[in-house]
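Colleague: I am new to this model and would like a guided look. Could we begin with the terms for aromatic rings?

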Amino acid sequence: SFLFGVALTIVGVGLITLFSASDQNLARVWSQLSNLALALVVMWIVANIPPQTIARAAVPLYALGVVLLVGVTLWGISVNGSRRWLNLGFGRFQPSELMKVAVPLMLAWYFQKFEGRINWKDFALAAVLIAVPVYLIKRQPDLGTSLLIAASGFYVLYLAGLSWKVIVGLGVAAAAAAPLVWPQLRDYQRERILTFLDPARDPLGAGYHSSQASIALGSGGVVGKGWLNGTQTHLDFLPARHTDSIFAVFAAEFGLIGNGVLLILYLLLIGRGMMITASASTLFTRLIAGAITLMFFTYAFVNMGMVSGILPVVGVPLPLVSYGGTALISLFIGLGILMSVQAHRKLVNN
């Protein structure tokens with residue numbers, strides 16, 4: 001399908017960029033290809049499951065995700081001061097990636113169950129269903145993923161009919177609560193926000209990631225330095241270049257023109273997702289398709305905004321491009337759900 005073709009093209013861009021970002025490390029590229037193979041199998045399986053069956057998996061999948069997040073808190077593997085992974089023997093698994101799909105799925109199932117009589121109590125319960133995994137993920141600590149999962153849950157609430165008055169009220173309340181949230185943040189999280197507001201505050205410390213990403217982004221100019229020729233990348237100035245900063249690697253080597261092509265690919269992917277959402281046959285399929293599509297938009301926007309300096313550094317990968325197995329699989333599960341919604345639309349109508 002068109003959706004699959006665009007997604008695969010973006011993955012191809014990611015593999016080309018990963019080869020450069022990893023200093024031509026073929027082992028890392030092969031590792032991502034093996035992740036892709038597994039992700040494609042999972043996507044194909046999900047795409048062939050009817051949405052009604054997917055809906056029945058919402059509650060056990062959400063419950064499993066919460067249990068695994070608790071498991072991370074108790075027995076998780078710590079890497080660079082963050083406890084985000086479980087050791088499965090044959091590899092590591094990041095449960096927070098599972099919640100990217102499980103949270104909107106759970107909420108869509110809930111609102112479908114009470115369709116026709118949804119009231120403020122349902123929205124309040126839905127907020128609790130979002131808050132539990134968000135809190136557990138924030139404690140790891142992984143503020144970026146927790147905020148993005150909160151956003152994916154919010155999209156379901158909005159698509160389910162949450163009033164604009166309530167949304168504005170929540171926004172005002174969140175702004176008013178900022179002084180209370182500030183002491184709860186880790187030192188490095190506070191430093192990242194302060195550095196975002198004043199990039200020159202600590203250019204060799206907290207601001208190093210952001211400043212080097214901006215330098216790499218600007219160094220590409222219009223046409224870029226050419227594949228494998230990014231100076232910030234290959235002189236080892238750019239941190240996290242195969243994960244969070246991979247867009248800076250791409251921008252340095254392919255320039256403004258390459259950025260434009262990548263943006264068009266993302267817009268085609270998101271546009272196709274919105275078309276599937278608009279033609280969905282049931283409340284459940286409309287909510288889950290819309291939330292997954294907007295999730296792709298949010299992840300791409302936050303990563304690109306983080307690299308270009310218009311958003312704080314929060315550690316969010318570029319969807320389908322950044323290196324990472326669990327993230328790739330969760331994104332392809334999302335694509336599989338979109339394909340399932342589209343493929344079974346006529347069956348539902350009939």
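Modeller: Rings of Phe, Tyr and Trp (for Trp, the six-membered ring) form a pair if their centres lie within 6.5 Å; planes under 30 degrees apart are called stacked, over 60 edge-to-face, and the rest tilted. The model is predicted, so local features need pLDDT of at least 70 and side-chain atom pairs count only at pLDDT 80 or more, while totals for chains, interfaces and linings use all residues. Residues are numbered from 1 along each chain as its sequence is written, and side-chain values use heavy atoms, with hydrogens and water left out.

Colleague: How many aromatic pairs does that rule give?

Modeller: The rule gives seven aromatic pairs. One of them joins tyrosine 110 and phenylalanine 114, a tilted pair with 4.9 Å from centre to centre and 55° between the planes.

Colleague: Are tyrosine 110 and phenylalanine 114 buried or exposed?

Modeller: Both tyrosine 110 and phenylalanine 114 are buried. Here buried means under 20% relative accessible area, exposed means over 50%, and partly exposed lies in between, computed with a 1.4 Å probe on protein chains only.

Colleague: Which residues do ring pairs link into a cluster?

Modeller: The cluster consists of Tyr110, Phe111, Phe114 and Phe123.

Colleague: And why is the pair of phenylalanine 154 and tyrosine 155 called tilted?

Modeller: Their planes meet at 55°, with the ring centres 6.3 Å apart, so the pair is tilted. Phenylalanine 154 is partly exposed, at 30% relative accessibility, whereas tyrosine 155 is buried, at 16%.

Colleague: Which charged residue lies over the face of phenylalanine 114?

Modeller: That is lysine 113, at 6.0 Å from the ring centre. A charge sits over a ring if NZ of Lys or CZ of Arg is within 6 Å of the ring centre and within 35 degrees of the ring normal. Arginine 28 is placed in this way too: its charged end sits over the ring of tyrosine 323, 5.2 Å from the ring centre.

Colleague: New topic. How many cavities of 30 Å³ or more are there?

Modeller: There are four. On a 1 Å grid over the protein atoms alone, a cavity is a set of points where a 1.4 Å probe fits but cannot get out, and lining residues have an atom within 4 Å of a point. Grid points are joined across faces, edges and corners, and the volume is the space filled by probe spheres set on the points. The largest cavity holds about 80 Å³.

Colleague: Which residues line the largest cavity?

Modeller: The lining includes Lys100, Tyr299, Pro317, Ser322 and Leu331. Its residues divide into nine nonpolar, two polar and one charged; Ala, Val, Leu, Ile, Met, Phe, Trp, Tyr, Cys and Pro count as nonpolar, Asp, Glu, Lys and Arg as charged, and the others, Gly among them, as polar. Helix H14 (residues 325–343) provides the largest share of that lining, with three residues. Helices are DSSP runs of H or I with at least four residues, numbered from the N terminus.

Colleague: Where is alanine 291 found?

Modeller: Alanine 291 is in helix H13. It is buried, with a relative accessible area of 0%. Leaving aside neighbours within four places in sequence, alanine 291 is in contact (heavy atoms within 4.5 Å) with Pro104, Ser152, Tyr155, Val156 and Leu159.

Colleague: What about threonine 293: which residues does it touch?

Modeller: Not counting residues up to four places away in sequence, threonine 293 touches Ile270, Gly273, Met274, Thr277 and Leu338. Threonine 293 lies in helix H13 (residues 283–308) and is buried, at 2% relative accessible area.

Colleague: Is leucine 256 buried or exposed?

Modeller: Leucine 256 is exposed, with a relative accessible area of 55%. It lies in helix H12 (residues 246–278) and touches Gly221 and Val222, with residues up to four places away in sequence not counted.

Colleague: Finally, what is phi of glutamine 24?

Modeller: Phi of glutamine 24 is near 60°, a positive value in a residue other than glycine. Glutamine 24 is in the loop between helix H1 (2–21) and helix H2 (26–47). Leucine 228 also has a positive phi, near 75°, and its place is in the loop between helix H10 (208–219) and helix H11 (231–234). Glutamine 24 is partly exposed at 44% relative accessibility, and leucine 228 is partly exposed at 24%.

Definitions and conventions:
On a 1 Å grid over the protein atoms alone, a cavity is a set of points where a 1.4 Å probe fits but cannot get out, and a pocket is an open set with protein on both sides within 12 Å along at least five of seven lines; lining residues have an atom within 4 Å of a point. Helices (H or I, at least four residues) and strands (E, at least two) are DSSP runs, numbered from the N terminus.
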